[in-house]
Amino acid sequence: MDYISLVILGCAVVTFIPRLIPALFIDKLNFSPKFEKFLNLIPYTALAALICPGVLTVDSQLWYIGLIGAVVAAGLAWKKVPMGAIVILTVVVLITVYSIVPMI
Amino acid sequence: MGDITISRKDKFIYGAKKGIPITFGYVPMGIGYAAIAIKAGFTPLQTISMSFLVYAGAGQIIAASMALSGATVIAIVLTNFVVNLRYFVMSTCVLNKVEESNTPLNILAAHVTVDESFAMFSLSEDSSIWIYLGIAITAWLSWCFGAAIGVFLLDMLPVIVTNSFNISLYALFVAILTPAVKENKQIAILVLITAVLNIVLSQFLGNWSLIVSTLVGAGIGMYLVDDEYVLSGDA
């Protein structure tokens, strides 16, 4: 098998196994209320960690581009704008910002 | 959508519609991945297969970039393992929440669990596996579709356009998180603590920091957040 096929196969295996393990055992497990609470908190902390600091690297040179995008998205979400519209409007705002920023 | 009179098909379609905002980010990101993969010597079929089989946004882009720079198979696979280990946590959360499920459906749901499908489903009122599969399979197919477009898109999109689309997944994350932060001061503080923690840890732990921050953050949340805010619904 060639190099790239091995890369794809290897990545597929090591990515699938961590996903699969809970699927095989979740029905047999009975989590305590404490652990349920821990699991229920994970979406919030995972999102926080996914956003920060990654959002600042949206543009590899201008860190504030991502910050502007995040602030715009948060403002729109605060005003209960639908999710699809938030994504589109944020992209549009950034394209506008880029056309104003003189460099690049 | 807890009503049992609603058919599986309707739930799936309801989920698929909910998943549409994810596709706004996945199609352009999939194109970006494909551009790197083609440059690294992947055939069109290999490029699209990886999106189908591996299905890991950042993981695939990192793998293709490493292949481009001639890294060994072992190094690429190990890096992918670390980068994608967070799916273990996300898959556990999703599968712990879903109802109307069985093992084959759980396995399918596990494969299509990524940051976006996990986040959207976990912070919604919905609990049917069919709704989850609607969201997640829509996202998965759009990711593969993006790769397919990218393969046939010979010229790279202008930098300004690709950079602007880079924000789309973050905009989605922020959109999912904001209502919870707005509603609950304790969650807001926890989000802030975790964000700062991850900014600091990412300086030292690299690819491990995301999963460490997520778990440590949730551990802090055990003491910070009152039970009633996070123990609603599922038992």
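**Two chains, packed side by side**

Of the 104 residues in chain A, 42% count as buried, a label given to a residue with 20 or more other C-beta atoms within 10 Å of its own, with 12 or fewer making it exposed, anything in between partly exposed, and C-beta atoms placed from the backbone. This is a predicted model, in which local features need pLDDT of at least 70 and side-chain atom pairs count only at pLDDT 80 or more, while totals for chains, interfaces and linings use all residues. Residues are numbered from 1 along each chain as its sequence is written, and chains are lettered from A and ligands numbered from 1 in the order in which they are written.

Chain A is built from four helices and zero strands, where helices (H or I, at least four residues) and strands (E, at least two) are DSSP runs numbered from the N terminus. Along the sequence that reads simply as α-α-α-α. The radius of gyration of chain A, 20 Å, is well over the 13 Å that the globule rule gives for 104 residues, so chain A is more spread out than a compact globule. Here the radius is taken over C-alpha atoms, and the rule is 2.2 Å times the number of residues to the power 0.38. Along the principal axes, the C-alpha atoms of chain A fill a box of roughly 55 × 50 × 25 Å.

The two chains meet through 62 residues of chain A and 81 residues of chain B, with contact meaning that C-beta atoms, placed from the backbone, lie within 7 Å. On the chain B side, helix 10 (residues 159-183) gives the largest share, 20 residues. That side of chain B divides into 51 nonpolar, 27 polar and three charged residues; Ala, Val, Leu, Ile, Met, Phe, Trp, Tyr, Cys and Pro count as nonpolar, Asp, Glu, Lys and Arg as charged, and the others, Gly among them, as polar.

A:Thr15 is buried, with 25 other C-beta atoms within 10 Å. Neighbours within four places in sequence aside, A:Thr15 is in contact with B:Val54, B:Ala56, B:Gly59, B:Asn80, B:Asn84 and B:Tyr87.

Chain B itself splits into domain 1 (8-164) and domain 2 (184-231), with bounds from an automatic or database domain assignment. Their centres, taken over C-alpha atoms, are 24 Å apart. Six residues from domain 1 of chain B and five from domain 2 of chain B make the contact. On the domain 1 side, helix 5 (73-84) and helix 6 (86-97) of chain B each give two or more residues, and helix 5 has the largest share, three residues.

Helix 2 (residues 20-39) of chain B reaches 29 Å from its first C-alpha to its last, close to the 28 Å expected, the expected span being 1.5 Å times one less than the number of residues. Helix 2 of chain B bends by about 25 degrees at B:Tyr26, with a proline, B:Pro28, following within four residues; the bend is the angle between axes fitted to the seven residues ending there and the seven starting there. Of the 20 residues in helix 2 of chain B, 17 are buried. Just after this helix, B:Gly41 takes a positive phi of about 100 degrees. Helix 11 (residues 185-205) of chain B also reaches 29 Å, close to the 30 Å expected. Its buried residues include B:Ile187, B:Leu190 and B:Val191, and just after helix 11 of chain B comes B:Gly206, with a positive phi of about 55 degrees.
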